[in-house]
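Have a look at the model first, then we'll talk.

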Protein chains: 2
Amino acid sequence: MTLFAEAEYRERIDRARQSMVKAGMEVLVLADPANMNYLTGYDGWSFYVPQCVVVAVDEDMPLWIGRGMDAAGARHTTFLDNNSIIGYPDRYVQSVERHPMNFVGDVIRERGWGKRTIGLEMDAYYFTARAYAELSRTLGDAKFVNADLLVNWLRLVKSDAEITLMRQAGVIAGRVMRTAIAKLAPGVRECDAVAAVYYAQMAGTEEFGGDYPSIVPMMPTGEKTSAPHLTWTDAPYEDEQMVNLELAACRHRYHCPIARTAYLGSRPPEKLVALAEHTVEGLNLTLDAIRPGMRAEEVELIWRRHIAKAGLEKESRIGYAMGLNYPPDWGEHTASLRPGDRTVLEKNMTFHMILGMWMDDYGFECSESFRVDEGGCETFADVERKLFVKK
Amino acid sequence: MTLFAEAEYRERIDRARQSMVKAGMEVLVLADPANMNYLTGYDGWSFYVPQCVVVAVDEDMPLWIGRGMDAAGARHTTFLDNNSIIGYPDRYVQSVERHPMNFVGDVIRERGWGKRTIGLEMDAYYFTARAYAELSRTLGDAKFVNADLLVNWLRLVKSDAEITLMRQAGVIAGRVMRTAIAKLAPGVRECDAVAAVYYAQMAGTEEFGGDYPSIVPMMPTGEKTSAPHLTWTDAPYEDEQMVNLELAACRHRYHCPIARTAYLGSRPPEKLVALAEHTVEGLNLTLDAIRPGMRAEEVELIWRRHIAKAGLEKESRIGYAMGLNYPPDWGEHTASLRPGDRTVLEKNMTFHMILGMWMDDYGFECSESFRVDEGGCETFADVERKLFVKK
């Protein structure tokens, strides 16, 4: 039933235990849905209630603890045995008197781990201030330490099975972007273009369908291009305007983001055309330069030197690690392609490199998702790198 | 630029201040994106980084504090003046050395509020354990109190302008459900049915488009109907099977959820047909009985007495307040239609009533989203209440 072989999950858990030992943790409570998925296979839209995976250094199998009604989903998607899947009663849900983390604390104490050093993902989206307070209250004798990103870092290098899914996401992402560009035209409402994007994201290909990406489609135009996280409206796209397309596809929670810029109209400004050419040239040469053994910051430097020739600068981060994730973000919050990031690139690390150049009243962006391979890098989607002009 | 008139936001803020005074709070820090939107209009997919709205009892205008690049979105969607929109530098993002809540704390101290009693939404999805720890560290002289749901409760009774949006969401929701039922057939892949649902959600009607709902479409079939939060696969729907449809539409972040059950095939089991008729009868008579002045628990009692006649029981909650929201949930986490909930129904309170009856190997669900009106209730979507049999 699980997406990957049990041996793959076991190997991930072993690596997590090694990281725990190094960090002096005896128990690890994971509330990040991507990390829960990574170690057990659990996949469900249930992160709107508290849930977690608990790993102990001396216990063979992790525990999944979640809402009682989601235990069936855990049995369906994880390799865990039934004794390791523990549902809490619904009286813990949205109550002022008790909290699911009291239940989690009780389980931890019952296992004899109540006085241990316990790692918590203090900055995980769904691990709230109250969740921490309640867990602390229930486990008054435990010692808590911060385990933020401990498992995220383990996700950085993908297995071949994970890469297969990211390639599939790449195939869908190509279709998604081509669908968006085909649909865009003056007079088409933003919501209708977004509808076509969503259709392509989910329908996928004849061989495999798509999953929901962790971020909604972003297709701003006009003055909204300066406000990158506003979502779409009912307004029609206008003639002689730029549209930024920040899209993605997802396959079994593995992402392939992709960005392009389109110009609607027959008269793209010359300065925009020139900027696009220069940016694409920089994207090409930066991707071409990637090799295993390079440091993340060295990748950024290639790009920075390229645009400096044109007298330009860009904010320093040009890419980030990504792969398995849940809303609200597909980034892994670990390695970045930016000055100061000394991460050494290894085969099967996966990044989204996004190059956006923003001038006063125009701009251009172009991105690729890729894995580092033996001799360079492999991009996942196949979309021409250029300014798309729709006459 | 704002969705509602400035006076409506001002009135909401006044009510928030009254609640703050009652609860002994001088400052309120809101991290729930729906509460930020409710008081200021702010709408963007930026909740993957820390952000908040800060209300002080003695300050005319709230503060929006978020990532620098999102300040333009705040200027675009809120009624706040530029001095009240404060962006933090990108060096605060995903850093181990500093956290956006240190910046928020500094702003609060600079305003002279550093020794005040400050309400925090301790259990809001995006207010993490670390966010609280960092804010506490920066504001060592403040007194913190829990402000969970303080603004959520203010959202319970909708304005006429909000109801207009929920009616529009209802029109889209009807189209979404009819699209899903039309698309479902043996041999159709789950992902393709979901694609059609997404298309309908976003394309909306000719007059108005749709927004992304806070929860993805749920359309489980077969054994997965017992695992309510698993999402779709590539598998084709099979012949002679039930499908549960838990869908929604959204208009400017205002939701209309709707659930139905379909049966694919020509031989729906008689017991399923009988269960569907009995459940729909119960839904009809429960909706018919709703009046302003009733208590939430009394609504549930009507339903419970109805099914008891057939010797049946159901878990006690049959509905919940909903409206404005962001992923991962459209529920408001306040009033519920369940025993013990003594909330008195008022005009323009809005609920999703969802009646699901689950037997060993079959089940049926049917729901309506509605507002309480002067003489009863008004449902938002217009979809026949029945078991949809697709031969």
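Q: Which residue stands opposite Ile65(B) in strand 4 of chain B?
A: That's Ile86(B). A quick word on the ground rules: this is a predicted model, where local features need pLDDT of at least 70 and side-chain atom pairs count only at pLDDT 80 or more, while totals for chains, interfaces and linings use all residues. Residues are numbered from 1 along each chain as its sequence is written, and chains are lettered from A and ligands numbered from 1 in the order in which they are written.

Q: What makes strand 3 and strand 4 of chain B a pair?
A: A pair needs at least two bridges found by DSSP. Strand 3 (residues 63–67) and strand 4 of chain B have 4 bridges, in the parallel sense, so by that rule they pair. Strands here are DSSP runs of E, at least two residues, and helices are runs of H or I, at least four, numbered from the N terminus.

Q: Why are strand 4 and strand 6 of chain B called edges?
A: The open sheet has 6 strands in the order 4-3-2-1-5-6 (chain B), with mixed pairing. Strand 4 (85–88) and strand 6 (143–146) each have a single partner strand, so one side of each is left without a neighbour in the sheet.

Q: How do you know that the length of helix 8 of chain B agrees with what it should span?
A: The expected span is 1.5 Å times one less than the number of residues. With 14 residues (190–203), helix 8 of chain B should span 20 Å, and its end C-alpha atoms are 20 Å apart, so the two agree.

Q: Why is Asn325(B) called buried?
A: Buried takes 20 or more other C-beta atoms within 10 Å of the residue's own (12 or fewer is exposed, in between is partly exposed; C-beta atoms are placed from the backbone). Asn325(B) has 26, so it is buried. Its place is the loop between strand 9 (319–322) and strand 10 (331–336) of chain B.

Q: What is Asn325(B) in contact with, leaving aside neighbours within four places in sequence?
A: Contact means C-beta atoms, placed from the backbone, within 7 Å. On that basis the partners are Ala34(B), Ser214(B), Arg253(B), His255(B) and Trp330(B). Ala34(B) is 291 residues away along the chain, yet its C-alpha atom and that of Asn325(B) are separated by 5.0 Å.

Notes
Two residues are in contact if their C-beta atoms, placed from the backbone, lie within 7 Å.
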